[in-house]
Amino acid sequence: MLRYIGKRLLIMLITLWLISTLTFILMNSIPGDPFTSEKKLPESTLENLKAQYGLDKPLPMQYVVYMNNLIHGDLGFSIKNVNRSVNDMLADGFPVSAQLGAQAMILAIFAGILMGTVAALRQNRMSDYSLMVLAVIGLSIPNFVIAPLFQKYFGLNWELLPIAGWGNFDQTILPSIALAFTPLALVTRLMRSSMLEVLGQDYIRTARAKGLPPIRVISFHTLRNAIIPVITLIGPLTAAILTGSFVVEKIFSIPGIGKYFVESIINRDYPVIMGATIFFSAFLILMNFLVDLAYGYIDPRIKLGKKEA
Amino acid sequence: MKNVLEINNLHVSFQTYAGEVHAVRGVDLHLEKGETLAIVGESGSGKSVTAQSVMRLIPSPPGKIKQGEILFEEKDLTKVSQRDMFRLRGSEIGMIFQDPMTSLNPTMTVGKQIMEGLKWHQKMNLSDAKKRAVEMLRLVGIPLPEKRVNQYPHQFSGGMRQRAMIAIALACNPKILIADEPTTALDVTIQAQILELMKELQHKTETAIILITHDLGVVAESAERVAVMYGGKVVETGRVEEIFNRSRHPYTWGLMGSMPRLDWQQDVELHPIPGSPPDLFDPPKGCPFADRCPHAMHICHEEMPEETEVSDSHRVSCWLEHPQAPSVSGENNNVKVHIGSK
Ligand SMILES: Nc1ncnc2c1ncn2[C@@H]1O[C@H](COP(=O)(O)OP(=O)(O)OP(=O)(O)O)[C@@H](O)[C@H]1O
Ligand code: SF4
Ligand SMILES: [Mg+2]
C-alpha cells in the first residue's frame, strides 16, 4: 500500500511537471504579451517592464527560472495587479472557490444519488420519466445559460435570492445550483442505470430470498453496489465543476480562483495563468488519487497496487 | 399431515409485450417432511417459476400467480401478506441458486451475509449471530471458518461460494430448502461434494429439499421422489425407482434416452428428443408433448390427458394409460439405472 502511494505520488509529480511545461509553451505561443494594450507605451517603458518580470530573457531561460521558483513554491507576481503575488491571489481565492465547488459537488452527488435511486425504483413511471427529462435538460443547457436565467428569475423577478456577490450563505445558493446543474444530471442518470443493473443481479435475489424487507435490500445491498460507478465519476465531476466555476464565478462576481483565472487570460497575465493552471492541475490530480483510494475501500474486489483484481 | 408443502393447481403467467406467457399451467406437487423431491424437465418447462412461486419471488410485474394454492403449514402462501412472507422467506423456506459466482453480494463479507438473516429473523445480537455464522461455515465444510467469516466472496472459490450459499440458506433452520440447479455451474468433482454436503445436512437437520436439476445422475444420487415437468405441467411423478425403471410417460422415456451415461460405450449415440417445446404464449389444448411424441394419437392433440394413478406414489398424465390405448413399452427398459446409496 505504501509503495503504491509512493508510486502514485511520483507519477503525480511528473504529470504536474508535464502540464506546467505544456502550459508554458502554449501560453507563449499565443500572440501578444501582457503589455499589449490599446494605448501604446513608450519603447523604453516597455523594455523596463519586461526586464522587471524577466520577459526580456530568451524563452528557455525564462522557463528555467520559472521552474526553479516553482520548485521553491514561488509562483511569482501578477503583472496586472501590481504588487500581488500569485501565491497570495490563490490563497485568497481558494477558500471561496473551494466552498462554492464543495457545495455544488455535495448537491450534485447527494441529490443525484437520491434522484437516480427514485427514478430506478419507479422505473417507467411518471416520476422516472420526469426526472429523466430534467436530466436531459441539465445535460444540454450549459451553465452560462442557466446562471443568467437564475439571476433573472430568482434574483430580479421573484427577488428570492441575491443575484451576485459573496459573503452570506444566501449568496452562495444560486451559483452553487448553477454550478451543480450538469453534474447533478450526470449523477442522476448514472445512478439510475447503475441501480437498475444492480437490482437485476442475482445477489439481490439472494437478499430477497433471505426474507429481508425491501428497505434493507435496497439500503444494504443495492445502494452500496450501485454507488461504486458514481464514485468513479467524482474525478471527472471535479473537473467539470472546476471548469464550470470559471464561468459561474465570473457571472456571479465571486472572488474565487476561477474569476482570477479568466481575467488573467484576458489580460495575458502570464504568472497568474501559470499559477492557476498548476494549482488546478495539482488539485485535480490529487482528487483523482483520493477517489481511487476511496474506490478501493468501497469495493473490496479492487486491491490497490496489486496486478490482478 | 406429513406434507410440509403442497402445491395445488398452480398457474403462473408473465405479461409480456408479445402476449401472456403461460409458464406454469396447473402444477400439483407435494413435499414430505425430510425428503428430497427432484424436479426435472428441459429448459423452459417451468421448474424455476414453480420454485420461485413458493418463495413468492416471481418478478412482478410481469409475473403473476393466476390460480391455485401453495400450502405451507396450513397457510396458503399465495394469499399471505407481504409482511408474513418476509417472515417466512429465509427462516422457514431457504433457497439457493444456480450461479454461486453471482449470487453473493460482492461488497459484503460472507459472514455478514449469513448473519443478516439471523439478525432479522431471530433477532440475534451481533456476537451470537457471528458465532452462528462461523458455526454454519464449519458445518458446510469451509476450512478456517473464523477467518473466512470476515472475507469477501471474491476470496472464495466457486465451490466454496456455493457452500456459503447453503450456509446462508440453512442458517435459520428452514423446514424447506429449494435448490434451483445448485451444481450446474460447478465442476463435476465439486458438484459431487456439494450434493454430498446437502444430503449430509439434510440428515442432520431434517430439512425437506426441492432439488431442481437437468441432471438425471444427480436425481438418482440424491432424490427420493421425482416430478417430471413439461410445458408448464407435471407430466409424471413417482419414487425414483418408479421413474427410472418403470416410467410410463413417453417424455420421461425421451429424457432418459437423452441422458449421457458414464457406463456407456463411446459409440452409443445420445438421442436428444427431436422437436421443440410447446409455445407457452398459446399452449396446446391437448397433451403438451403431442407434437414430439412418437406415440401421439388423435386424442392427444385434442384433450389434455387425465392423471392416472399407477401406484400410491406414481402418477402419470398420458393417454396411453387409457384402457383403449394400444400398449407401448418404454424404450428405456434397457437403461437400467443403479439407484444411489438409499
Ligand atoms: N420474467 C419472465 N418474463 C417472461 N417470461 C418468463 C419470465 N421468467 C420465466 N419466463 C418464462 O417462463 C417459462 C418457464 O421458465 P422457467 O425459468 O421456469 O424454466 P426452467 O424450467 O427453470 O428452465 P431452465 O432449465 O432453463 O432453468 C419460460 O418459457 C420462460 O420464458
Ligand atoms: S398423451 Fe399422447 S402425446 Fe402425450 S405423452 Fe401420452 S401418448 Fe404422447
Ligand atoms: Mg430454471
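Predicted model: local features only at pLDDT ≥ 70, side-chain atom pairs only at ≥ 80, totals over all residues.
Residues are numbered from 1 along each chain as its sequence is written, chains are lettered from A and ligands numbered from 1 in the order written, and side-chain values use heavy atoms, with hydrogens and water left out.

Me: How many residues surround ligand 1?
Reply: A residue is near the ligand if one of its heavy atoms lies within 4 Å of it. The closest ones include Ser43(B), Gly44(B) and Lys47(B). The number that surround ligand 1 is 16.

Me: How does the shell around ligand 1 divide into nonpolar, polar and charged residues?
Reply: Ala, Val, Leu, Ile, Met, Phe, Trp, Tyr, Cys and Pro count as nonpolar, Asp, Glu, Lys and Arg as charged, and the others, Gly among them, as polar. Sorted that way, the shell holds six nonpolar, seven polar and three charged residues.

Me: What distance separates an oxygen atom of ligand 1 from an N or O atom in the side chain of Ser48(B)?
Reply: Let's look at polar contacts (pairs of N or O atoms within 3.5 Å; within protein, one must be able to donate a hydrogen and the other to accept it, and residues adjacent in sequence count only if both atoms are side-chain atoms). The side chain of His214(B) has an N or O atom 2.8 Å from a ligand oxygen, and a backbone N or O atom of Ser45(B) lies 3.2 Å from one. For the side chain of Ser48(B), the distance is 2.7 Å.

Me: Are the planes of Tyr230(B) and Tyr251(B) stacked, edge-to-face or tilted?
Reply: Rings of Phe, Tyr and Trp (its six-membered ring) pair if their centres lie within 6.5 Å; planes under 30 degrees apart count as stacked, over 60 as edge-to-face and the rest as tilted. The centres of Tyr230(B) and Tyr251(B) are 4.5 Å apart and their planes sit at 50°, so the pair is tilted.

Me: Which residue lies over the face of Trp120(B)?
Reply: A charge sits over a ring if NZ of Lys or CZ of Arg is within 6 Å of the ring centre and within 35 degrees of the ring normal. In chain A, Lys152(A) lies over Tyr153(A), at 5.2 Å from the ring centre. Over Trp120(B), at 4.9 Å from the ring centre, lies Lys123(B).
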